[in-house]
Amino acid sequence: MTAQIIDGKKIAAETRELLAKEVALFHNETGITPHLAAILVGEDPASAVYVRNKERACAKAGMKSTLHKLPSETTEAELLEMIEQFNDDSSVHGILVQLPLPGHIEEQRVLDAVTPLKDVDCFHPENVGLLAQGRPRFQPCTPRGVQVLLEKSGIDVSGKHAVVLGRSEIVGKPMAMLLVQKGPVANATVTICHSRTANLKEVTRQADILVAAIGKPNFVTAEMVKPGAVVMDVGINSVDGKLVGDVDFDQVAPIASSITPVPGGVGPMTIAMLLDNTLTAARIAAKG
Ligand code: NDP
C-alpha cells in the first residue's frame, strides 16, 4: 500500500487564497481591514521566525498586522498593560501573544487577559468553554488545521476511532474536542493518550485516525499504527538542523492510508487558521 501524502502546503495556500477573497469582500462591505496585533517578548529566534511568517501571511491575505516587540526584561504588569490597550483599541481585531514567554511572566495570567472577542488563538477559558460545548467562537488553530486537512483529503471521520497522542491545551485537548463534536469532519469516537497512558502501543494500534502531538521526534513507529490508518503528524522537532515530526515517516508511510509529512503537513495550516480567526474577530467587531 502506498499512503496518500497529504500536501499541507498546497491546501494551506488554497485556504489562504480563499480567505484573501473573503477579506476583500468584507472590506468592500464594511471598509474594515482585519488587523492582527502580535506581541513578541524577548529574543527567542524561533518565535521571531513564527511571528514574521504570521505577518507575511497577513499581508498576503490583505490583512493588517502590527508587531509589538518588547525586551525580555519586560514585567508582567507592562505586558498586561499593552494587552489592555489592544483590548480597548477598536482598530485591533485579533491579539496574539507569541509563546513561550520569559520565565518571570506567568503565561496563563497573560493569555487570560486577552479579551475573548480578540482571542484569535482560542486560548481564553471562555472560548475553550464555547468550543467544549460545540459552539465555538474561534477555532483552535492547529487542531482546526488538522480537521481542514482531513476534510480536503476526503477522509471520512464520522464513526471512526480517532486516537490523539498528547493532551496539551494547545493541541491535544482541543483536537480531541473538535473530533468528538457533532458536525462535519467530526463525530469520531475519541481516545486521548498522554505520558501516563498504559499500553500505549495497544491503544494507538486501534486508531483509524491517529493524531500525534507529543513533541518527540520519530516517536510513532510502524508497530504502533494499524495498517490502513490515517496518520496526522503535528510534531515539529529539530534533529541535527532538520525538521522531523513525531511520526517515523519512512516506517509508517508504507502502512498508512494517508499521512502528513513534516515539514509541509500540519504546520502550514496553523497560520491559515489564525488568519481565518482574525477575519472572524473583525466580523464580530463589525457587528458591534
Ligand atoms: P506539549 O509538550 O505541551 O505536550 C505534549 C504532550 O505529549 C503532553 O500531553 C505529554 O503528556 C505527551 N507526551 C509526551 N511524551 C509522551 C510519551 N512518551 N508518550 C505519550 N505521551 C507523551 O506539546 P504541544 O502539544 O504544544 O506540541 C506537541 C508537538 O506539536 C510539538 O512537537 C510542537 O512543536 C508541535 N506543534 C506544532 C504546531 C504546528 O503548527 N504544526 C503548533 C503547536 C505545536 P503529559 O501531559 O502526560 O506530559
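1. Two strands are said to pair if DSSP finds at least two bridges between them, and the strands themselves (E, at least two residues), like the helices (H or I, at least four), are DSSP runs numbered from the N terminus. By that rule, strand β2 (residues 35–41) is joined to β3 by 7 bridges, and the two run parallel; within this pairing, A38 has L67 in β3 as its bridge partner.

2. Some care is needed with the basis of the model, which is predicted: local features need pLDDT of at least 70 and side-chain atom pairs count only at pLDDT 80 or more, while totals for chains, interfaces and linings use all residues. Residues are numbered from 1 along each chain as its sequence is written.

3. The protein is divided into domain 1 (31–115) and domain 2 (141–266), with bounds that come from an automatic or database domain assignment. The C-alpha centres of domain 1 and domain 2 lie 29 Å apart.

4. The strands β2 and β3 belong to an open sheet of 3 strands in the order β3-β2-β4, with parallel pairing. Because β3 (64–70) and β4 (94–97) stand at the edges with a single partner strand each, one side of each is left without a neighbour in the sheet. From one strand to the next the twist averages 15°, where angles run from 0 to 180 degrees between N-to-C directions and axes are lines fitted to C-alpha atoms, for helices over the stretch in contact. Helix α3 (residues 76–88) lies across β2, β3 and β4 and runs at about 175° to β2; here contact means that the C-beta atoms of two residues, placed from the backbone, lie within 7 Å.

5. An open sheet of 6 strands, also with parallel pairing, has the order β1-β11-β8-β7-β5-β6. Its edge strands are β1 (4–5) and β6 (189–193), each of which pairs on one side only. Strand β7 (residues 209–212) pairs with strand β8 (residues 230–233) in the parallel sense over 4 bridges, and V211 has M232 in β8 as its bridge partner. Helix α7 (residues 172–180) packs on this sheet, where it touches β5 (161–165), β6 and β7, and its direction makes about 170° with that of β6.

6. Helix α1 (residues 8–30) and helix α6 (residues 141–152) pack at an angle of about 100°, with their axes 11 Å apart. That makes α1 roughly perpendicular to α6, a term that covers angles of 65 to 115 degrees. At this contact, G8, I11 and T15 in α1 meet V148, L149 and K152 in α6. The residues of the contact divide into 3 nonpolar, 2 polar and 1 charged, where Ala, Val, Leu, Ile, Met, Phe, Trp, Tyr, Cys and Pro count as nonpolar, Asp, Glu, Lys and Arg as charged, and the others, Gly among them, as polar.

7. The ligand is surrounded by 25 residues, of which the closest are S168, S195, I214, G215 and T270; a residue counts as near if its C-beta atom, placed from the backbone, lies within 6 Å of the molecule. By class, this shell has 10 nonpolar, 12 polar and 3 charged residues.

8. Most residues other than glycine have a negative phi, and most peptide bonds are trans. The peptide bond from L99 to P100 is cis, with omega near 0°, and P100 is found in the loop between β4 and α4 (107–113). Another cis peptide bond joins V262 and P263, with omega about -5°; P263 lies in the loop between β11 (258–259) and α10 (267–287). V185, although not a glycine, has a positive phi of about 50°, and V185 lies in the loop between α7 and β6.

Technical notes: Parallel < 35°, antiparallel > 145°, perpendicular 65-115°, else oblique.
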